[in-house]
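Reader: I'd like to learn how to read a single-chain model feature by feature. Could we go through one together?

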Amino acid sequence: MTSPTEVQQMYTKKANLYHKIFFNVLKYDKATKQFFEKENYLNKNFRVLDAGCGSGLITKILVEISQQKKLPQISFHAFDLTKRMLDLLKKEIIQNKIKN
């Protein structure tokens with residue numbers, strides 16, 4: 001059986017590869033964004049928790065959609081067990097000047 005520590009170590013070592021595969025190879029971000037744009041999951045005053053956010057794909061997409069729909073009052077919170085994954089999310093936040 002794999003321990004939580006072993007899982008953390010694996011995702012720490014493979015964080016960049018994970019991110020590249022999901023974003024660059026599988027284009028998971030585009031399919032996921034299309035899904036959430038079709039649905040009406042976001043409403044004003046929501047608080048969104050992305051538990052196990054990885055490199056922040058879902059959080060990033062939901063923030064973009066909330067901005068498009070002019071829902072600035074939504075608050076977003078994301079966490080992951082792996083610091084390296086959170087570092088990738090922080091990098092996205094800084095590069096895209098996301099505020100929330």
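**Reading the chain**

Author: Helices (H or I, at least four residues) and strands (E, at least two) are DSSP runs, numbered from the N terminus. This is a predicted model, where local features need pLDDT of at least 70 and side-chain atom pairs count only at pLDDT 80 or more, while totals for chains, interfaces and linings use all residues. Residues are numbered from 1 along each chain as its sequence is written, and side-chain values use heavy atoms, with hydrogens and water left out.

Reader: Is Lys30 buried or exposed?

Author: The classes are buried (under 20% relative accessible area), exposed (over 50%) and partly exposed in between, with a 1.4 Å probe and protein chains only. Lys30 is exposed, at 52% relative accessibility.

Reader: How many helices and strands does the chain have?

Author: There are 5 helices and 2 strands, and from the N terminus they follow the order α-α-α-β-α-β-α. Along the principal axes, the C-alpha atoms fill a box of roughly 40 × 30 × 25 Å. Of the 100 residues in the chain, 30% are buried.

Reader: How should I read a nonpolar core, and which residues have the most contacts inside the largest one?

Author: In soluble globular proteins, nonpolar side chains tend to be buried together. A nonpolar core here is a set of buried Ala, Val, Leu, Ile, Met, Phe, Trp, Tyr and Cys residues joined through side-chain atoms within 4.5 Å. The largest one has 13 residues, and Leu42, Val48, Leu62, Ile74 and Phe76 have the most contacts inside it. Helix H4 (residues 57-68) contributes the most to this core, with 5 residues.

Reader: What does Thr59 touch, leaving aside residues up to four places away in sequence?

Author: Contact means heavy atoms within 4.5 Å. By that rule, and with those neighbours not counted, Thr59 touches Asp50, Cys53, Phe76 and Ala78. Thr59 belongs to helix H4 and is buried, at 11% relative accessibility.

Reader: How many aromatic pairs does the structure hold?

Author: Rings of Phe, Tyr and Trp (its six-membered ring) pair if their centres lie within 6.5 Å; planes under 30 degrees apart count as stacked, over 60 as edge-to-face and the rest as tilted. The structure holds 6 such pairs. Tyr11 and Tyr18 have ring centres 5.8 Å apart and planes at 80°, so they are edge-to-face. Phe35 and Phe36 also form an edge-to-face pair, with 5.1 Å between centres and 75° between planes. Phe35 is partly exposed, at 40% relative accessible area, while Phe36 is buried at 16%. Ring pairs also link Tyr11, Tyr18, Phe22 and Tyr28 into a cluster.

Reader: And backbone angles: what is the phi of Lys27?

Author: Most residues other than glycine have a negative phi, and most peptide bonds are trans. Lys27 has a positive phi, near 55°. Lys27 lies in the loop between helix H2 (15-25) and H3, and is partly exposed, with a relative accessible area of 38%.

Reader: Where does Lys70 lie?

Author: Lys70 is in the loop between H4 and strand E2 (75-79). Lys70 has a positive phi of about 55° although it is not a glycine, and is exposed at 68% relative accessibility.
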